[in-house]
Amino acid sequence: MVLDIIWLVVGLLLILAGANALTDGASAVARRMGISELTVGLTVVAFGTSAPELVISVLAAANGNAALAIGNVVGSNIMNILVIIGVTAMVRPISVTRSVMSQEIPMVILSSVLLVVLGNSGWLDGTGVNEVSRVSGIFLLVFFLLFMRYTLASARQPELAPDSGNDVKKPGEEMPVWRSVLYVAGGLAALVWGGDRFVGGASGIASALGVSEAVIGLTIVAAGTSLPELATSVVAAVKGRSGLAVGNVIGSNIFNVLMVLGLSATVSPLPFGSIGNFDLMTLLLASLLFYIFGWFFGHRTITRAEGALLAAVYVAYVTVLLCRL
């Protein structure tokens with residue numbers, strides 16, 4: 001137990017350091033390549049911060065721990081919106097561009113709907129078994145490739161929010177290419193290893209306390225694997241990089257459902273088990289709140305009050321989970 005607590009602290013420190021380095025490096029890369037920080041957030045940063053989810057879910061699927069694999073994805077996506085967007089907005093209100101509201105966030109909603117459909121596949125096809133089959137996994141991977149093609153095709157058509165904080169630096173002040181690459185690579189490495197250490201410590205503590213595998217996946221593991229996204233988005237918001245902060249969450253959620261779950265199901269079919277509609281509908285609700293708060297209130301700005309409400313919904317969700325133990 002003591003060793004688990006030590007790894008918990010070490011992992012958290014690595015995650016914070018990695019997030020700071022990754023944000024600086026990714027922003028410098030975006031400026032040099034002439035693409036928007038949103039695109040960098042949707043791709044490089046999102047993939048890097050979702051690496052823990054990918055590794056843990058694929059390994060869990062290969063070892064026959066389907067509840068952990070699916071719970072990790074569902075729980076991470078719930079936390080990404082309710083906690084990461086919520087906490088980030090409380091630190092600094094998040095400005096969201098019109099294109100993000102009309103194109104990217106609907107993709108987050110669609111990915112949540114796909115999970116709801118897959119989670120009720122046994123009822124829909126009459127088999128009574130709710131699972132992500134290998135065929136469904138392959139389709140998810142195809143959708144992921146289509147999303148990536150769209151994102152990369154529009155990479156050089158940035159739309160920046162008025163107060164997104166994308167400053168133009170003088171040539172002499174720009175970060176050298178080698179340092180940008182080093183910051184991105186080093187930041188990702190620290191995030192992945194720190195996330196792994198944190199999850200290992202947290203899972204050890206939870207197992208010692210007798211918490212079920214599904215609940216561990218939905219809460220402890222999901223929180224640990226989402227820490228890279230949380231740290232990166234908060235640091236990006238503090239530095240005025242709202243495009244990077246939003247792109248990180250959107251890209252991570254889409255990546256988790258289409259790539260992580262798709263690849264995991266391709267390795268081995270994933271029954272949902274005790275992960276049911278309460279969890280899936282919470283994710284769908286979170287996605288809809290993300291869209292509603294960004295589009296209908298605050299002139300495409302997620303305010304501190306709205307961020308606090310998102311965080312409160314997550315607290316209520318976890319409270320219900322714990323009460324059901």
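Trainee: How many helices and strands does the chain have?
Mentor: The chain has twelve helices and four strands. Both are DSSP runs numbered from the N terminus: helices are H or I with at least four residues, strands E with at least two. This is a predicted model, where local features need pLDDT of at least 70, side-chain atom pairs count only at pLDDT 80 or more, and totals for chains, interfaces and linings use all residues. Residues are numbered from 1 along each chain as its sequence is written, and side-chain values use heavy atoms, with hydrogens and water left out.

Trainee: What share of the residues counts as buried?
Mentor: 55% of the 325 residues. Buried means under 20% relative accessible area, with a 1.4 Å probe and protein chains only.

Trainee: Now packing. How do the axes of H4 and H10 cross?
Mentor: At roughly 170 degrees, coming within 10 Å. H4 spans residues 66-91 and H10 residues 242-267. Axes are lines fitted to C-alpha atoms over the stretch in contact, and angles run from 0 to 180 degrees between N-to-C directions. So H4 is roughly antiparallel to H10, a label for angles over 145 degrees.

Trainee: Which residues make the contact?
Mentor: Among them are Ile 70, Asn 77 and Ile 84 of H4, plus Val 249, Asn 253 and Val 260 of H10. Contact means heavy atoms within 4.5 Å.

Trainee: And H11 with H12, what angle there?
Mentor: Roughly 175 degrees, with the axes within 11 Å. That makes H11 roughly antiparallel to H12. The contact includes Asp 279 and Phe 293 of H11, and Glu 306 and Tyr 317 of H12.

Methods:
Angles under 35 degrees count as roughly parallel, over 145 as roughly antiparallel, 65 to 115 as roughly perpendicular and the rest as oblique. Buried means under 20% relative accessible area, exposed over 50%, partly exposed in between (1.4 Å probe, protein chains only).
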